[in-house]
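The exercises below are meant to be worked through with the sequence and the three-dimensional view open side by side. Try each task before reading its solution.

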Amino acid sequence: MAKYSRKAAKKVARAVKKAKAGTLKSGRSGKKVTSRKQAIAIGLSEARGEGKKVPKAPKKTVKKAAAGKKTAKKTKNVRKTKKKS
């Protein structure tokens, strides 16, 4: 059984073709797409949005080194004095 539908493949092909022509733009920033992988991802995303047969997008994971690392804030020890009125 096929992983992707024909319509999904057409969406990807259209996105890659537009990227080669230099007219494909990313959604949020509106910048030109230069990467072939990014063009494929845009095509698959559009196909998912239309409900075509496409596997689910991979979940984003946080790296363990970045997640476990805590930044220490430097604090100044300032003595607070009360104002006499």
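**Exercise 1.** What covers the buried residues of helix 2?

*Solution.* Begin by keeping in mind that this is a predicted model, and then locate helix 2, which runs over residues 36-49 and has 14 residues. From its first C-alpha to its last, helix 2 reaches 20 Å, close to the 20 Å expected at 1.5 Å a residue. Next, pick out the buried residues of helix 2, which are A39, I42, G43, L44 and A47. Finally, look at what lies over them: the cover includes helix 1, residues 6-21.

**Exercise 2.** Describe how the protein chain is built overall, and then examine the two ends of helix 2.

*Solution.* The secondary structure of the protein chain comes to three helices and zero strands, and along the sequence this reads as the pattern α-α-α. Of the 85 residues in the protein chain, 18% are buried. Among contacts with a separation of 6 or more, 51% are accounted for by residues 24 or more positions apart. Turning to the start of helix 2, a side-chain oxygen of S35 reaches to within 3.3 Å of the backbone nitrogen of K37. Just after helix 2, G51 takes a positive phi of about 85°.

**Exercise 3.** Is S26 buried or exposed, and is T34 buried or exposed?

*Solution.* First place the two residues: S26 lies in the loop between helix 1 and helix 2, and T34 is found in the loop between helix 1 and helix 2 as well. S26 counts as buried because its relative accessibility is 15%, and the cut-off for buried is under 20%. T34, with a relative accessible area of 76%, is exposed, since exposed means over 50%. Then look at the surroundings of each residue. The side chains of S26 and S29 are joined by a polar contact of 2.9 Å, and, leaving aside residues up to four places away in sequence, S26 touches K31, V33, Q38 and I42. One of these, I42, is also among the buried residues of helix 2. As for T34, its C-alpha lies 7.7 Å from that of G22, although the two are 12 residues apart in sequence.

Technical notes. Residues are numbered from 1 along each chain as its sequence is written. This is a predicted model: local features need pLDDT of at least 70, side-chain atom pairs count only at pLDDT 80 or more; totals for chains, interfaces and linings use all residues. Side-chain values use heavy atoms; hydrogens and water are left out. Helices (H or I, at least four residues) and strands (E, at least two) are DSSP runs, numbered from the N terminus. The expected span of a helix is 1.5 Å times one less than its number of residues. Buried means under 20% relative accessible area, exposed over 50%, partly exposed in between (1.4 Å probe, protein chains only). Contact means heavy atoms within 4.5 Å. A polar contact is a pair of N or O atoms within 3.5 Å; within protein, one must be able to donate a hydrogen and the other to accept it, and residues adjacent in sequence count only if both atoms are side-chain atoms.
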